[in-house]
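Q: Please show me the structure. I would like to learn how to read its features.

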Amino acid sequence: MSSISCTKLTLFTIAAVTVQFIGLSIFVFGFFPVKPLLTGHSGSKSFRRPTCDIEVANQSDASLPPDRLRFLYKEVSEVPPLYDRLVLMVIDGLPAEFVLGKKGQPPSKVFMEAMPYTQSLLANGTAVGYHAIAAAPTVTMPRLKAMVSGAIGGFLDVAFNFNTQAYLEDNLLAQFFKIGRKMVMHGDDTWLKLFPGLFERHDGVTSFFVKDIVQVDQNVSRHLADELSRDDWNFLILHYLGLDHVGHLGGRNSALMASKLFEMDEVVKTIHINTLQNLEDDQRKTLLVVVSDHGMTENGNHGGSSYEETDSIALFIGPKTHAFNHSSSNHDTIFQVDIAPTLALLFGVPIPKNNIGVLISQMVDSLTDDQKLRALQLNSWQLFRLLQAQLPGLSCRNFLCDTFITNSEPTISECKGREEKLFCCLYLNAATLHDAWKANVFSRSNGTEGYNSIVTAYHEFLSSASEWLSHKAIDKPVNLLVLGVAALIISCLTLLGLVFVIHKEIPSWETQDHENYVKPWKFDEVFILFGILILVISMGSSSMIEEEHYIWNFLTSTINMLFFRKAMQSLDLNKVHDISGCQISSLFLILFSGRILGGWHQGGVNWTNLPDIAKWLEQAGNQYINWIQIASCAMVIILGISILFLMKSKTKVLTVIGFSFLMSGLLVLHHFVKHQDISASYNKDANLSIQIFYAVLGITTIAVVVILPWIMTMQTPEICSRKNICMSASVPVEIQNMTRILVLKDSLYIVGCLYITFWCLLQLLLQQSINAMPVLLLFIQFLASMLTFSSSGSCHKQWVEVTALYNLGMAGHFALGNSNTLATIDVAGAFIGISSHSTFLSGLLMFIITYASPMLFFLSMVLYISVKTTIYAPVIRNGNSGQILKTLLGFPCLVPLTINSVLLTVYTIVLLLMRNHLFIWSVFSPKYLYVCAATACVYIGVIIVVATVLHTYIVLFWLRKSFSLSSKDKGT
Amino acid sequence: MDSRKAAMVETSPSISVSEAFIVNALCVLALAFAVWASNTVFSIDLVSHPSLTLFFISIAELPIVILLYSRYRQNRQQCTYLRAVARGVLGIPVGTLLNFLGAVALGAPVKFQYLPKTINWALMMSVFTTVPASCVLGSSWADWRRIFAQTKPKGSIEYLICLPAHGALIGAWFGAWPMPLDWERPWQEWPISVSYGTIVGYLVALVASLGFILACFRSQHIKSE
């Protein structure tokens with residue numbers, strides 16, 4: 001059997017990991033495009049021509065009081081606001097088909113009759129309706145953002161916004177607020193989350209109880225009469241959730257749908273009649289806009305990008321019949337993002353900065369030609385600025401800055417070429433024509449013809465720019481994705497090959513009992529591979545991803561049961577003191593702890609409301625949780641110290657390390673007792689004690705890891721003397737090596753104990769107090785596994801044991817309350833012990849809390865390597881450095897890397913295949929973020945393990961010359 | 001020691017193919033009868049009344065299994081038929097307890113309302129797994145270990161014990177997989193899908209054991225020739 005050298009193995013592994021990292025980055029940036037967004041809000045500058053110079057921030061806007069700002073806008077915009085008041089009625093989930101019909105056909109009779117008033121408005125031209133195509137994901141929050149900002153956000157924008165849900169980018173509401181408009185909101189509380197503090201009055205209803213289809217809407221409508229009689233608002237938002245709930249319950253053709261539509265029709269009627277009344281009374285013009293955020297499928301679901309889901313409605317109902325050109329087609333198709341710029345221009349505010357929508361020109365028909373062109377011009381300027389941000393090459397410098405109005409006939413050039421050139425050309429065409437039109441203000445001989453050509457030119461620019469921008473936000477570059485997946489597959493295959501190669505090398509300690517190799521595959525080995533296969537298959541199912549904790553729990557306990565069975569194989573009832581007896585009892589402990597861990601949090605998505613131990617304890621009262629927390633902490637300290645003293649060779653160092661366990665444990669205990677009921681993050685005193693703990697932990701760990709091998713080296717003569725081999729005058733190299741191995745084993749054992757004990761203490765402090773017991777149970781599980789594997793000898797293959805531990809870590813990950821939705825990330829814990837806001841530190845703490853259990857697995861690998869060292873001893877005694885290191889580190893590092901690589905690769909492919917799935921945004925994408933974070937966790941864990949072992953090894957084996965000389969000197 | 005054990009194994013009764021077929025057929029018939037009777041006579045099924053149905057299946061299957069397997073007990077000289085039956089009866093609580101613990105360790109709910117379901121399922125499992133073994137093997141730890149921990153059956157009767165027991169266990173294990181899916185079907189509840197898996201696995205393994213016994217006889221034939 002050819003064997004691979006250590007250097008080669010390392011190089012291949014590093015290459016594979018690098019390729020994996022590059023592939024992953026390429027894929028992530030291809031799949032979740034992060035587009036450059038413009039920060040800040042549009043001001044009066046947006047009414048000026050975009051220039052090429054680096055635009056200086058206009059300070060004057062911000063300092064202006066709302067009234068002055070309003071007048072300023074009015075002055076510079078040259079487009080008078082057409083309306084004073086806006087009623088935005090959002091009917092959640094209403095497909096435009098219900099009101100406008102599909103493909104020129106009127107809607108079905110039931111729906112026509114359900115909305116008599118609205119249909120009459122549409123028929124006489126008072127209302128104009130559009131199919132507004134929404135972008136995926138068709139769920140409420142991103143759609144609301146699109147409507148008020150005109151921008152399509154990426155997935156990562158949402159995902160990385162842990163701290164606040166507030167919408168910080170430029171939007172209509174912020175613009176209205178700036179010019180002192182008063183806003184009122186009744187309905188879905190998503191608005192309150194997005195725009196906290198902007199509303200004068202509000203009544204939020206929650207969308208949580210999907211079965212409630214009556215009360216949600218009554219809670220909105222009950223304010224209607226009161227609000228309509230008041231005149232202190234300019235912008236009224238009504239968000240009705242009932243129709244969406246009806247859809248979720250019974251689908252499109254639910255029997256309740258017609259009555260719900262009739263209810264909505266009544267609301268429209270009430271508002272419109274009131275609008276007409278107001279117009280007569282005080283000449284204030286109110287615009288009623290009825291929109292839906294998304295449509296629904298036949299079954300009433302939404303989230304994907306099918307026509308049924310994206311077909312939302314935009315219905316503009318003005319006060320007067322002549323407001324809209326009756327003759328024009330009533331059922332045009334627009335994009336949902338077009339609502340934002342239209343409303344902005346109708347109400348005299350700047351168009352939001354990141355808008356990619358185009359003005360609905362039918363809505364400004366009542367303006368003069370000059371004003372209409374001006375509106376188009378403003379929209380073009382805004383889009384041009386956005387294009388400039390996304391296409392750095394779009395300078396148009398030569399043309400833009402030097403263009404001046406000439407009296408000569410404007411020239412229109414054919415536009416083609418790359419994006420930069422194309423947009424530049426289209427924009428310049430329109431601008432030139434417009435400038436020429438303005439110059440000839442007194443001699444408009446060619447009348448409508450000239451005007452129409454300008455409008456066409458503007459529309460050409462606007463539509464192509466808008467289309468390009470929205471594609472940029474949605475489209476995924478196929479080449480990048482394929483490249484990324486290919487890189488991932490290559491690295492995955494490389495890692496699998498490496499594991500296979502080192503598995504094939506029959507280690508010499510196995511050659512004695514060749515019986516193991518008679519039967520090539522044992523049941524547990526087959527099962528481990530089968531388990532990975534099951535994991536891979538289950539990743540294609542959205543509900544298996546939601547309920548992933550069951551899979552890990554099931555696989556882990558099955559593996560432990562198989563180990564149980566294996567221990568039974570050699571159990572002899574006649575011999576009482578058997579090694580397998582110890583194995584069986586610790587396996588029993590693992591299974592028992594695992595069962596409690598499984599029942600601690602009812603994880604996942606569908607059954608979270610079922611009772612579990614955590615909920616039961618929370619109901620029982622806080623004092624029990626606190627007692628459990630303190631008891632767990634004490635147990636961790638006791639267990640840590642006792643495991644430490646289980647070490648076979650006793651040295652004085654043990655006492656010191658044990659003392660450090662005790663001290664840091666007491667610090668945590670002290671914190672628990674003192675700050676039981678005060679939330680730790682707001683208490684200065686508590687903060688200080690936590691920071692002291694961090695410092696003690698960090699310093700002790702680093703000091704021990706760095707110094708311990710040196711101290712152990714000094715103490716080697718003692719070990720030697722005890723073993724009575726070192727004192728002889730001529731020490732054979734083999735025995736010298738053997739001594740070093742023993743020292744290596746001891747120091748790794750101490751470091752391993754230190755790692756996992758300190759990690760558990762840290763987790764006790766950081767995790768929610770309800771998670772104290774699971775942390776203890778995990779600690780117990782890992783210790784019991786070490787005990788099992790230390791006594792199992794070469795009964796299991798090493799990769800089987802490492803995989804079993806990996807599974808234990810993943811099962812623990814879910815047992816700590818994590819799931820594959822972003823909602824379970826413990827954000828509150830990320831601020832423990834941090835006195836000033838720091839994104840990096842909070843992110844680090846969040847990572848430590850979320851990946852507590854997988855990291856515990858990696859830290860326990862150090863202990864595992866130490867425990868297994870004696871078994872490799874025969875190899876190590878004869879081997880060179882490379883072989884020793886390969887034996888020590890090969891499987892513990894390669895197996896986790898490989899498993900993770902397989903899961904990552906498969907999941908990437910699944911994500912690619914599922915990109916049009918209904919749950920791509922709600923289930924698959926969040927899970928992908930977890931998979932990426934798990935990959936980072938594997939990298940960090942492997943680096944820690946390798947660094948620790950390598951450092952210890954180098955100190956012990958490279959310094960052996962000096963140290964052995966000195967010991968020899970003493971000896972002779 | 002080893003030679004003596006080997007000698008004992010050889011003295012343990014073997015079963016002819018036709019006999020094995022009859023035993024298997026009777027087991028299948030009893031199972032089919034139980035399912036049919038619970039459906040028609042008591043008008044209950046696994047989905048509507050899981051614990052009652054499971055109990056009924058166990059009760060119907062139990063006497064057949066005990067009476068049939070006790071005929072093939074080891075050490076006929078020292079062990080009477082009645083004693084084998086008594087051993088089989090003793091195997092019920094032991095097997096129920098073991099299967100119950102196994103199910104709970106693998107994630108079966110432990111709430112009070114699920115207790116009868118779990119117990120009845122464990123009872124059925126014990127009929128498929130431990131009861132035949134305790135009828136035939138008695139309290140011989142070495143044999144139990146060989147069959148259940150090492151899966152190395154020797155002789156035709158041991159195939160008849162080992163394979164159906166493993167089949168039932170593996171079937172139950174696979175039967176648990178649909179449970180977390182969000183299909184919202186009534187049969188996804190614990191322990192319905194698991195029981196289906198158990199029964200299917202048991203039936204498949206019964207057929208497979210016949211095949212093994214056939215192969216076993218063939219090889220013996222060749223050897224003797």
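**Reading the model**

A: Start with one residue: beyond positions up to four places away in sequence, A:I756 touches A:F779, A:F782, A:L856, A:L859, A:S860 and A:L863. Touching means contact, with C-beta atoms, placed from the backbone, within 7 Å. This is a predicted model: local features need pLDDT of at least 70, side-chain atom pairs count only at pLDDT 80 or more, and totals for chains, interfaces and linings use all residues. Residues are numbered from 1 along each chain as its sequence is written, while chains are lettered from A and ligands numbered from 1 in the order in which they are written.

Q: Which residues have the most contacts inside the largest nonpolar core?

A: In soluble globular proteins, nonpolar side chains tend to be buried together. A nonpolar core is a set of buried Ala, Val, Leu, Ile, Met, Phe, Trp, Tyr and Cys residues joined through C-beta atoms within 7 Å. Buried means 20 or more other C-beta atoms within 10 Å of a residue's own; exposed means 12 or fewer; partly exposed is in between. Here the largest core has 195 residues, and A:I756, A:F779 and A:V862 have the most contacts inside it. Helix α31 (residues 733-766) of chain A gives the most to this core, 20 residues. A second, separate core has 112 residues, including A:L94, A:M363, A:Y458 and A:L469.

Q: How many helices and strands are in chain A?

A: Both are DSSP runs, numbered from the N terminus: helices are H or I with at least four residues, strands E with at least two. Chain A has 38 helices and eight strands. Of its 972 residues, 45% are buried. Among contacts in chain A with a separation of 6 or more, 78% join residues 24 or more positions apart.

Q: Is strand β6 of chain A mostly covered or uncovered?

A: Strand β6 (residues 286-291) of chain A is mostly covered, with six of its six residues buried. Take the faces in turn. A:T286, A:L288 and A:V290 are buried on one side, and A:L287, A:V289 and A:V291 on the other.

Q: Which strands pair with β6(A)?

A: Two strands pair if DSSP finds at least two bridges between them. Strand β1 (residues 85-91) of chain A pairs with β6(A) in the parallel sense, over six bridges. Strand β7 (residues 311-317) of chain A runs antiparallel to β6(A), joined by four bridges. Follow A:V289: A:L88 has A:V289 as its bridge partner, and A:F316 in β7(A) stands opposite A:V289.

Q: How many residues of chain A are in contact with chain B?

A: The answer is 17 residues of chain A, against 14 of chain B. On the chain A side, α24 (542-546), α25 (548-569) and α26 (579-600) each supply at least two residues. The largest share, nine residues, comes from α25(A).

Q: Where does B:K154 lie?

A: B:K154 lies in the loop between α7 (141-149) and α8 (156-175) of chain B. It counts as partly exposed because 16 other C-beta atoms lie within 10 Å. The C-alpha atoms of B:K154 and B:C216 are 9.4 Å apart, though 62 residues separate them along the chain.

Q: Where is confidence lowest in chain A?

A: Where pLDDT is low, the predicted coordinates should not be read in detail. Chain A averages 82, and 84% of the residues score at least 70. Helix α38 (residues 960-971) of chain A is lowest, at a mean of 48, and helix α33 (residues 798-815) of chain A highest, at 93. Residues 721-729 of chain A also stay under 50.

Key: Two residues are in contact if their C-beta atoms, placed from the backbone, lie within 7 Å. pLDDT is the predictor's confidence in each residue, from 0 to 100.
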